[in-house]
Amino acid sequence: MTQRNVNQPESAPRRTARPAAKPAPSPAQKPATIPVDLSPTTTVVRGIGRIPVTQVSPVIEGGAYAAKATVGELVPIRAKVFREGHDAVNASVIVTDPSGKETRHDMTPLAPRGLDPWEAWVRFDVEGPHTFRVEGWSDPWGTWLHNAEAKLPAGVDIELVCLEGRDLLERTASIAEEAGDPIEASILRATGQLLIPQRPAEDLLDVATGIGLAKAMAKHGPRELVSPTADYPIFVDRKQALFASWYEFFPRSEGATYDEATDTWTSGTFDSSHERLEAAAAMGFDVIYFPPIHPVGTAFKKGKNNTLDATEKDPGSPWAVGSPDGGHDAIHPDLGDWESFDRLVARAKELGVEIALDFALQASPDHPWVTEHPEWFTTRIDGTIAYAENPPKKYQDIYPINFDNDPEGIYNEVLRILRVWMDHGVRIFRVDNPHTKPVQFWAWIFEQIRATDPDVLFFAEAFTKPEMMHTLGKVGFHTSYTYFTWRVDKDEIEEYMGELSRDMDAFYRPNFFVNTPDINPFHLQSGNPAIFSIRAILAAMLSPAWGVYSGFELFEHLPLAPGREEYLDSEKYEYRPRDYDAQPNLNMLMGRLNSIRRDHPALQQLRQIDFHTAPHEKVLAFSKVDGADRVVVIVSLDPDNTVETEVHLDLTKLGLAADAALPVRDELTGATFTWGARNFVRLTPAQPAHILAVL
């Protein structure tokens, strides 16, 4: 949803980039103006119509921001629709696509009927800004049919009921003719002639309740007293915004070499990263994410294991962005140049994968901004610039930006930097700590980018309070890290998935990373390969987007210290070349999981997930459905022991009869079975899951 820009001041000219910091400039773009009033445009308020429609969803902040959808995704649209008296009411969703074309989707009443819930699942096929509205309307056919079913068997007003029915069918036939459907019109008129009062009541009811007649009336029946809501925004992103498999590695570690004689490292480069890029693509990962690739500051540079006694031989943390070699629009000279970066992006495109770049909006004390724009930082009372702190933690190698000192200058500089990388083929940004920047700033950035490049995606690294995470999603972040890292027990996984798939689905898309350079989860610190397998299966099957930081497949697990969720010898502070073929590893499992995900649309969506009963507290059972595609997943949560239990499937949640026989194929092993409502399972640390495709 666009924002209203009022009282706009003149924009400051764009700062000229340093020649060493970026390639030949792309065609100049006029800097965007920062509005004084950044409040979003709100949807026009409407009162209650003739047919009341309330509690419409998905509506974000009253319609100020667009709800989320992706191409091909089924999205539920819901409302409460009712009226006075006993006449029938009905409802439809009217979707308007970016071209202005309107499509009607009739809603279905849900139980309990006394609470008046209505729902329609809409599949969006076109990218871009859409709107939807719910229309409540009086349903003459529904009213007549209800009266006929009550009166005809009782012999009450038979002649009047038939007369009213014939009139209604004639009216509907005329509507069908106007719609260009003469065949249906003829059938409706012929059906009306069958409503003869002298016929037995049973025959009249058979005519009135026929399936063909119901379909015709649903398509052409009169809609009276149509009462529309406001039009609410919903933005349809490309599929990658929802469904993706991420793999993270540090280019500086790929191909890095160590010289024992001089005790020095030679950094890996973009060119030496091709091999890892190709291996990740071969495992089915389609987004390759790099930590910051910019020059690293030397002031307060962090050494091994986050120490403050770094030497010239230590590479420092890549999140301490900026040095005399440049800032956010520059490449670390050890990694290569723009030509080598472009070669890597081109190779990724050949492989069918995308490069995602970390966007860490902060500066080292050596960043050019510190001297060129000291007003962009916070100066303390003693005259020093405030570094980042999360007491008692201190990050002396990082200066946070103060967005309130010069918002127009900062906003336009950030937009310029993003466009530099976009011009070099980057269409996905993983944003570091977005919750430490004003939400209003992100809303403005997304408005600018979406206006020209709606395919560019932003991934929020926001491990913070729920309300902030939610709001970042509402204003435009396409996907986000989640609390999955800390959800390990059965009950908390089920509860969290309920929140993500039903309570937050309109504004928040999850990405289930199993680990990150910052987080070595406690449950992985045993090093038991089974827990690594279990967490990979859970992440890949529960969420349409999941991610792996390199080293996970090799069961890296040693903590910095007991009780700490940090890695010993963290790659954030040193080079970590790896032998990715060392045994044992999870390469084959991760590749298989990604292949299964590609084969099953049910696993590419978030909203249609149901949990089933498994009495054992260490067995999780769930199903995902999309159309005719159905997948049932049974996972052991115990990496140390064999578990046995019955799994009770609610087959109605799969759209099947409660007593149906279920032919299934285990996508992990290829074995086939016939399941029913009750099934015995035995899971071991070596084979901790069944991923069952319903055949």
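The structure is a predicted model, in which local features need pLDDT of at least 70 and side-chain atom pairs count only at pLDDT 80 or more, while totals for chains, interfaces and linings use all residues. Residues are numbered from 1 along each chain as its sequence is written, and side-chain values use heavy atoms, with hydrogens and water left out.

L457 belongs to strand β19 (residues 457–461); helices (H or I, at least four residues) and strands (E, at least two) are DSSP runs, numbered from the N terminus. With a relative accessibility of 4%, L457 counts as buried, a term that stands for under 20% relative accessible area, against over 50% for exposed and in between for partly exposed (1.4 Å probe, protein chains only). T311 is 146 residues away from L457 along the chain, and the C-alpha atoms of the two are separated by 37 Å.

The protein chain has 695 residues, of which 57% count as buried. Its secondary structure comes to 14 helices and 30 strands. The C-alpha trace spans about 105 × 70 × 45 Å along its principal axes. Among the contacts with a separation of 6 or more, 76% are between residues 24 or more positions apart.

Strand β19 is part of an open sheet of 8 strands with parallel pairing, in the order β20-β19-β18-β15-β14-β11-β22-β21. Strands β20 (479–480) and β21 (512–513) are the edges of this sheet, and each pairs on one side only. Two strands are taken to pair if DSSP finds at least two bridges between them. Strands β14 (residues 287–290) and β15 (residues 354–359) run parallel and are joined by 4 bridges. The bridge partner of I288 in β15 is I355.

In soluble globular proteins, nonpolar side chains tend to be buried together. Not counting residues up to four places away in sequence, F429 touches L357, F359, L418, W421, M422, V456, L457, F458 and F459.

A second open sheet has 4 strands in the order β1-β3-β7-β6, with antiparallel pairing. Its edge strands, each pairing on one side only, are β1 (53–57) and β6 (108–109). Strand β6 is joined by 2 bridges to the antiparallel strand β7 (residues 117–123), where E119 stands opposite T108.

In strand β4 (residues 89–96), 8 of the 8 residues are buried, so the strand is largely enclosed by the rest of the structure. Buried residues cover both faces: V89, A91, V93 and V95 lie on one side, and N90, S92, I94 and T96 on the other. Strand β4 runs antiparallel to β8, to which 8 bridges join it, and also antiparallel to β5 (residues 102–106), through 5 bridges. V93 stands opposite V134 in β8 and opposite H105 in β5. The hairpin of β4 and β5 has 5 residues between the strands, and in it G100 takes a positive phi near 95°.

Helix α1 (residues 140–151) has 12 residues and should span 16 Å at 1.5 Å a residue, which agrees with the 16 Å between its end C-alpha atoms; the expected span is 1.5 Å times one less than the number of residues. P140, W141, T143, W144, L145 and A148 are the buried residues of α1. Their cover includes β8 (128–138), α2 (158–178), α4 (201–208), α5 (211–220) and β9 (224–228).

Helix α2 packs against helix α3 (residues 182–192) at an angle of about 170°, with the axes 8 Å apart. Axes are lines fitted to C-alpha atoms, for helices over the stretch in contact, and angles run from 0 to 180 degrees between N-to-C directions. Helices α2 and α3 are therefore roughly antiparallel, the class for angles over 145 degrees. At this contact, residues of α2 including R166, L169 and A173 meet residues of α3 including A185, L188 and G192.

Technical notes. Contact means heavy atoms within 4.5 Å. Angles under 35 degrees count as roughly parallel, over 145 as roughly antiparallel, 65 to 115 as roughly perpendicular and the rest as oblique.
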